[in-house]
Amino acid sequence: MTGKTTPPATEPAPAAPKKEPVPTPKEEPAPAPAAEGAQPSPAPEHPPAAEQPTAPADKPAPVPAAEATPAPEEGAPAPPAEPQAPEPKPEKPKAEPPSSPLSLVVEEVSENSVTLTWKAPEQTGRSGLDGYVVEICKDGSTDWTAANKEPFLSTRYKIQDLASGDKIHIRVKAVNASGASVPATLEQPVLIKEILQLPRIRMPRHLRQTYVRHVGDAVNMMIPFQGKPQPEVIWTKGGQPLDTSHINIRNTEKDTIFYIRKAQRSDSGKYELTVRINGAEDKATLDIRVIEPPGPPQNLKLVDVWGFNVALEWTPPVDNGNSEIKGYVVQKSDKKSGKWFTALERCTRTSCTISDLIIGNTYSFRVFAENACGLSEKAAVTSGVAHIKKTKTAYQPEKIPQRDMMEPPKFTQPLTDRTTTRGYSTHLFCSVRGFPQPKIIWMKNQMEIREDPKYIAMIEQGVCSLEIRKPNPFDGGIYTCKAVNPLGEASVDCKLDVKVPQ
């Protein structure tokens, strides 16, 4: 072996990689770095030999070559350098298995099969989801067997070839490259028997919302359902069975009746109804709220009194009657009559101002809280009273500077020319202002129109009008409206044409 390595001076390089398995990252580089890498490896074992690699062309080269031959033999069983390789691996993120599948339910049961459905898990891990594994176990046994040979990605699976009459437990696991999830398991074993009609609750529309009753009222609800054979009906509240001494449940083939003779506040809450047939089930939640009138408001204070006004403040009641407070009713009572009158309804804040109080009277105030059940039985009453004092006020009339309102007549809207047809009445309009109110004179062709039944002249709020009744061509001409008062006069003209139809 040494003879094969010594003749070529450039070939110690291939022997060098055999000699040095330690620096694993440099196993495949070019021969030159391999020859350089040969220096450090013998250095710890034979320090003087490390000085001789400088003359590889001379024939002392067989000495390191002879040393290189046993090195691979010893290096083959001793790759201690491999444990050093895991150092860069911690940089890789740690993989995690997926979370459990969700909402595992039985969709259908036949004489020899069961169909399941579920929802995908919330977390599938960094490597993604490879599929699901369905496992079954007979009731009374602890041996779980896989129903499917390989993982699948569908969220629906039918387990076939089951023995009729057996009870089996079923669970589903999500699987990825990092492992399997915690299984999702059906709460009850499934009886392998054909279900003619799957269970289904038909919740009435008025029960899909919060069902509100008053304290002392009866609660009587009938909820129909379907399913064949006759399903098992289970009522719970908060995961616990109901108190049958207070709540009566009566079940028939097609419905269940929930009855409470006298409702109490403690009966409020969410009730769960489950209808089940051999592992297949349907669930519904019924929200019942029993309410009563609220307690009185707290800490009613008379904050301020000024003029005819009073400011009040208070805090909400300690007990709202299991219903939201809609508002407050504020009432006042004067000392003379002693009667209470409502001053403010549906006040949504915890403060208010009462106005329009009578001077000289002394008032007390009280506040009721109101919810969906009505007003509180008691009211918060102010500890003190408000006395509306008389204040001496002297009337000082406002000094208005006198203004000269005298004005000569002036037309603000003149007359406009008009054309009309014989036999059709027409009107002429204009507007005038002036003080004192001017006298209005109507003229036709500069001749004053006096009392003539053919003409009707009127003036209202400064608007002057002249009605010409059933005119004929002779009534055409120039019409003038003249306004006269002691300060002067003004006039406007217009032309009227009366046409004869052809």
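Ser-245 has 64% relative accessibility, so Ser-245 counts as exposed. The model is predicted.

Ser-245 sits in the loop between strand S14 (240-241) and strand S15 (248-251). Its side chain makes a polar contact with the side chain of Asp-243, at 2.6 Å. Ile-260 is 15 residues from Ser-245 in sequence. In space, the two lie 9.9 Å apart, C-alpha to C-alpha.

## Nonpolar cores

The largest nonpolar core holds 24 residues. Val-114, Leu-116, Trp-118, Val-134, Ile-170 and Val-190 touch the most other members. Five named strands each supply at least two residues of this core: S1 (102-109), S2 (114-119), S3 (131-138), S5 (156-159) and S6 (167-176). S6 gives the most, with 4 residues.

Trp-118 deserves a separate look. Neighbours within four places in sequence are left aside here. Beyond them, Trp-118 is in contact with Pro-101, Leu-102, Ser-103 and Leu-104, among others. Its contacts also include Tyr-132, Val-134, Phe-152, Ser-154 and Thr-155. Arg-156, Tyr-157 and Val-172 are in contact with Trp-118 too.

## A three-stranded sheet

An open sheet of 3 strands has the order S19-S20-S23. Its pairing is antiparallel. Strand S19 (298-306) and strand S23 (351-354) stand at the edges. Each has a single partner strand, so one side of each is left without a neighbour in the sheet. Neighbouring strands are turned by 20° against each other on average, direction ignored.

S19 and strand S20 (residues 309-315) run antiparallel and are joined by 6 bridges. Leu-302 has its bridge partner in S20, namely Leu-312.

Most residues other than glycine have a negative phi, and most peptide bonds are trans. Several places in this model depart from that pattern.

Asn-299 is not a glycine, yet its phi is positive, about 55°. Asn-299 is found in strand S19. At 52% relative accessibility, Asn-299 counts as exposed. Gln-461 also has a positive phi, near 55°. Gln-461 lies in the loop between strand S33 (455-460) and strand S34 (463-468). Its relative accessible area is 78%, so Gln-461 is exposed.

The peptide bond from Lys-228 to Pro-229 is cis, with omega near -5°. Pro-229 is in the loop between strand S12 (219-228) and strand S13 (232-237). Phe-435 and Pro-436 are also joined by a cis peptide bond, with omega about 0°. The loop that holds Pro-436 runs between strand S30 (426-435) and strand S31 (439-444).

The structure holds 0 disulfides. Cys-464 is in none; its nearest cysteine sulfur, that of Cys-430, is 4.4 Å away. A disulfide requires two cysteine sulfur atoms within 2.5 Å. Cys-464 is buried, with a relative accessible area of 0%.

Cys-494 is in no disulfide either. Its nearest cysteine sulfur is that of Cys-430, 8.5 Å away. Cys-494 has 3% relative accessibility, so Cys-494 counts as buried.

Conventions. Residues numbered from 1 in each chain as written. Predicted model: local features only at pLDDT ≥ 70, side-chain atom pairs only at ≥ 80, totals over all residues. Heavy atoms only, no water. Buried < 20%, exposed > 50% of the residue type's maximum accessible area, 1.4 Å probe, protein only. Pairing = 2+ DSSP bridges. Axes fitted to C-alpha atoms, helices over the stretch in contact; angles between N-to-C directions. Core = buried A, V, L, I, M, F, W, Y, C linked by side-chain atoms within 4.5 Å. Contact = heavy atoms within 4.5 Å. Polar contact = N/O pair within 3.5 Å; in protein donor to acceptor, adjacent residues only side chain to side chain.
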